[in-house]
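Trainee: I have this one open for the first time, and I'd like to go through it slowly. Could you walk me through it?
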Amino acid sequence: MGELALILVWPALAGYLEAAVAYVGDGLHPGRLSRFAIWGVRVGWLAQTALLVVQAARADGFPWSTWAGSLNLFVWLVVGAYLIWGCRAPYRLLGLLVMPLAAMLFLIAWASGGAGSDGGSEVGDLFLAFHVGLILAAFAGFTLAAGLAALYLWQERRLKSHAPGVLRQRAPSQAALDTLTGRTVLVALPALTLGLAVGFARLGSEGGGFDALMAVAVLTWAAYTAFLVLRFEAGWRGRRTAYLALAAFALVVTALVPVAHF
Amino acid sequence: MRLVLVGTSHHRAPVELREQLYVGTPENPVLVRRLAAAEGEAVALSTCNRTELYVVDSDPEVAQERAFAELAALGGLTESEIAPSLYTLTDDAAALHLFRVAASLDSMIPGEAQILGQVRGAYETAKAAGTAGPILHRLFRQALRVGRRVRAETAIGENPASISSAAAELAERVFGTLEGRRILVLGAGKMSDLAAVNLISRGVESVFVANRSVERAERLAKRFGGRAAGLDAVESELEDVDIVVASTGARGFVLSKEQVERAMKKRRGRPIFFVDIAVPRDVDPAVNELEGCYVYDVDDLERVVEESVAGRREEAVRAEAIVAEEAERFRAWQLSLDVVPAIASLRARAESIRASELERAGGRLNSLSPSERRAVESLTAQIVNKLLHAPTVRMKQAAAAADGVLYADAVRHLFDLDERDPQARQQGE
């Protein structure tokens, strides 16, 4: 089983790396390598799915309870979310942001033992599956929303500066990027809310202190709630919501990651 | 049978001559039937940029003469008068030319989308008229495939080639689909008209025309089923519209940054796209600095068009490689036609020998059970197939190397084949 997991790591990693390189090539010469890139994403994601299945079958408890394991699951969720519309030509450019990140994080997860088939948590499976699964799914959504927002700002800059080649690079419209950023957060935030609620419910029943990680998670929740209120109630659009999505994501990265590790 | 193409295009003939040579939909079937004559094939491709007659005949010179005569008659000229404007291509060169046409590599603007539909139309007309035989069927089906491949595998047709289409595509990059969008046209001149037509063809819902002369604005608005007013109504309209096309003859800016800024406050962040094709400009360039405002003047649009046409040329190099690959495939198929009758004859002869020998041995095979009888049939058929496999392959290879006729004659001589034999002819077909 351990060997099987190792065998599956390689095609997943190779697929993601190939996709990352192909997306860079596609960015330089639009249209030429996008097919290779999307196949890299598909193959990598399928291999990683098989890897997760093997890990789940092998583990005694919840197999992704370590930070490296969570990273492995997080990469799978990000790439899966990207695959929902990343296969469509205008959205392939998003792969230029998502796939190098996915390849790098997957490499870190593997190097840190998160892609092996040993281990498992002693904490209740159901609780962890809900709590960690929902929070990671929400963070995957926030990552994607940040990618969409970055793409919005990049394209806005090109449109504003009248870049002659603005139409040569296939990309979604500004309206589509703005809408999708809002919708992605709209889907991800309930997942975070539910994940936090499950965590706090357990904290209430089994006792325990309120730590820094929980504080950052609550802060993240507040930031994205503010995003949704401003986007859908106050009528914020375009550049302002893109910056807001990026700022909230920066909060996730700069606060959550160090707090989780140290 | 040989393939001959006689025609003219925008490379050779002025528009006046192309107009005269244009073959309309009603005349096309009559023309191709005359061109195909008794046993030939013919397709007439006629667009605003070209009229080309594709004829298949056993005698290429006769086919060429017929095509020349038809084109001269269409142009109302003598054959010597029309000859300098015509080109003649045969076999591989004709196929390569049609593939380039279908791939829009021979068009005025490489990558234009209409030509593939026009090639399909010409082929369908000939099919309906009964003048598209095996060679033209194969040629045109392959040409359509080349056109589709080039569009799918290259980005030759993806970027705009005119200022109005560049403006429309940039607007789509901001809004996505233009369906349901509202457009404000400033000025009622020809340029506004052209830009508005392109946007309306992409689904723009309502048009508001503002002009110094309300009467002219009303005329243009009536064409688009929109509303009209004087220039003083522009600021209030800015609150609702998505795209502004400006092309007035005014000396100063018709839209200032302050006016747009006031309107943007009421738009709750909805973006607005300005196409300023007026010289001098109508929209203050500083409007571009406002959030959600995108201003493109005529120079900006020209740069986008230049870049995209350059992109099309780059893609054309890749498209040429696809065309060459397909032309080679057609050449191989056409050459294989030289050996197909000989192969069919050889196989028919072998099969008749096998059948007659089985019949002769019938008495001795009577004691066999049905399954044993089937085994013998299968065994003899396999022996025949294995014996003929190598010569068949060799003949096809020779055909691809243009030696097919020599090999075919040798096989006919060695095996005493006669392609008039009905069984062989049936197999060949």
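**Where the chains meet**

Mentor: Bearing in mind that this is a predicted model, we can begin with the contact, which takes 19 residues from chain A and 26 residues from chain B.

Trainee: Which elements give two or more residues to the side of chain A that touches chain B?

Mentor: On that side of chain A, the elements giving two or more residues are α5 (125-160), α6 (174-206) and α8 (238-261) of chain A, and the largest share, 3 residues, comes from α6(A).

Trainee: And how do the residues of that side divide into nonpolar, polar and charged?

Mentor: The side of chain A that touches chain B has 8 nonpolar, 7 polar and 4 charged residues.

Trainee: Okay, new topic. Which residues touch the most other members in the largest nonpolar core?

Mentor: That core has 75 residues, and those touching the most other members are A:V78, A:F142 and A:A245. Several helices of chain A each supply at least two of its residues, among them α1 (2-28), α2 (34-58) and α3 (67-86), while the largest share, 17 residues, comes from α5(A).

Trainee: Where does this core lie relative to domain 1 and domain 2 of chain A?

Mentor: It lies between them, because domain 1 (1-120) and domain 2 (123-262) of chain A both give residues to it.

Trainee: What does A:F142 touch?

Mentor: Leaving out residues up to four places away in sequence, A:F142 touches A:V185, A:A188, A:Y224, A:A248, A:F249 and A:V252. There is also a second, separate core of 57 residues, which includes B:L186, B:V204, B:I243 and B:L301.

Trainee: Switching to the backbone of chain B, what is the peptide bond from B:V279 to B:P280 like, cis or trans?

Mentor: The bond from B:V279 to B:P280 is cis, with omega near 0 degrees, and B:P280 lies in the loop between β9 (272-276) and β10 (293-297) of chain B. As background, most peptide bonds are trans, and most residues other than glycine have a negative phi.

Trainee: How about B:S104, what is its phi?

Mentor: B:S104 also is not a glycine and has a positive phi of about 60 degrees, but its place is in the loop between α5 and α6 (114-129) of chain B.

Trainee: Is B:S104 buried or exposed?

Mentor: B:S104 counts as buried because it has 25 C-beta neighbours inside 10 Å, whereas B:D91, with 17 other C-beta atoms within 10 Å, is partly exposed.

Definitions and conventions:
Residues are numbered from 1 along each chain as its sequence is written. Chains are lettered from A and ligands numbered from 1 in the order in which they are written. This is a predicted model: local features need pLDDT of at least 70, side-chain atom pairs count only at pLDDT 80 or more; totals for chains, interfaces and linings use all residues. Helices (H or I, at least four residues) and strands (E, at least two) are DSSP runs, numbered from the N terminus. A residue is buried if 20 or more other C-beta atoms lie within 10 Å of its own, exposed if 12 or fewer, and partly exposed in between; C-beta atoms are placed from the backbone. Two residues are in contact if their C-beta atoms, placed from the backbone, lie within 7 Å. Ala, Val, Leu, Ile, Met, Phe, Trp, Tyr, Cys and Pro count as nonpolar, Asp, Glu, Lys and Arg as charged, and the others, Gly among them, as polar. A nonpolar core is a set of buried Ala, Val, Leu, Ile, Met, Phe, Trp, Tyr and Cys residues joined through C-beta atoms within 7 Å. Domain bounds come from an automatic or database domain assignment.
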